[in-house]
Amino acid sequence: MMLDTGATYTTLPSGVLLRLGRMPPTEAPRLTLNTANGERSAQVVLVDRVWLGDLHLDGVAVTSCEDCASSDNAGLLGSTSRARTT
């Protein structure tokens, strides 16, 4: 994954989310991402945990974004929005 400190969300293409068993449901929230390739509509899914080496973060919102991946990377590691619990 490419580290993008300017990205609000962590993004993965739908193929990766499918392999992880975390495809956004049809009724998942949809938002607009401002990417280097222009605005993209994306659905949000909550993943239980994201790891970066030995570090992990629980309850992370990930967006599905085909244009945020390339042949060199599987997606963007953004500032990793965490789900808020009340």
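**Overall build and strand pairing**

Mentor: In this predicted model, 36% of the 86 residues of the chain count as buried.

Trainee: In what order do the elements of the chain run from the N terminus on?

Mentor: The chain holds one helix and six strands. Read from the N terminus on, these elements follow the order β-β-α-β-β-β-β.

Trainee: What radius of gyration does the chain have, and how does that value stand against the globule rule?

Mentor: The globule rule gives 12 Å for 86 residues, and the value for the chain is close to that, so the chain is as compact as a globular protein of that length. The C-alpha atoms fill a box of roughly 35 × 30 × 25 Å along the principal axes. The radius of gyration asked for is 12 Å.

Trainee: What share of the contacts with a separation of 6 or more comes from residues 24 or more positions apart?

Mentor: Contact here means heavy atoms within 4.5 Å. Among the contacts in the chain with a separation of 6 or more, residues 24 or more positions apart account for 50%.

Trainee: How many bridges join strand β3 to strand β4, and which residue in β4 does Thr32 stand opposite?

Mentor: Strand β3, residues 30-35, and strand β4, residues 38-52, run antiparallel and are joined by six bridges. A hairpin of two residues leads from β3 to β4. Within this part of the chain, the residue in β4 that stands opposite Thr32 is Ser41.

Trainee: Which residue takes a positive phi in the hairpin of β4 and β5?

Mentor: Strands β4 and β5 pair in the antiparallel sense over eight bridges, and Arg49 stands opposite Asp58 in β5. The hairpin has two residues between these strands, and the residue with a positive phi, near 65°, is Gly53.

Trainee: Is Ser64 buried or exposed?

Mentor: Ser64 has its place in strand β5, residues 55-64. Leaving out residues up to four places away in sequence, Ser64 touches Leu12, Ser14, Leu17, Pro24, Ala42 and Gln43. Because its relative accessibility is 14%, Ser64 counts as buried.

Trainee: Is Leu3 buried or exposed?

Mentor: Leu3 is found in strand β1, residues 2-3. The C-alpha atoms of Leu3 and Val50, which are 47 residues apart along the chain, are separated by 14 Å. With a relative accessible area of 61%, Leu3 is exposed.

Notes. Residues numbered from 1 in each chain as written. Predicted model: local features only at pLDDT ≥ 70, side-chain atom pairs only at ≥ 80, totals over all residues. Heavy atoms only, no water. Helix = DSSP H or I, 4+ residues; strand = E, 2+ residues; numbered from the N terminus. Buried < 20%, exposed > 50% of the residue type's maximum accessible area, 1.4 Å probe, protein only. Rg over C-alpha atoms; globule rule 2.2 N^0.38 Å. Pairing = 2+ DSSP bridges.
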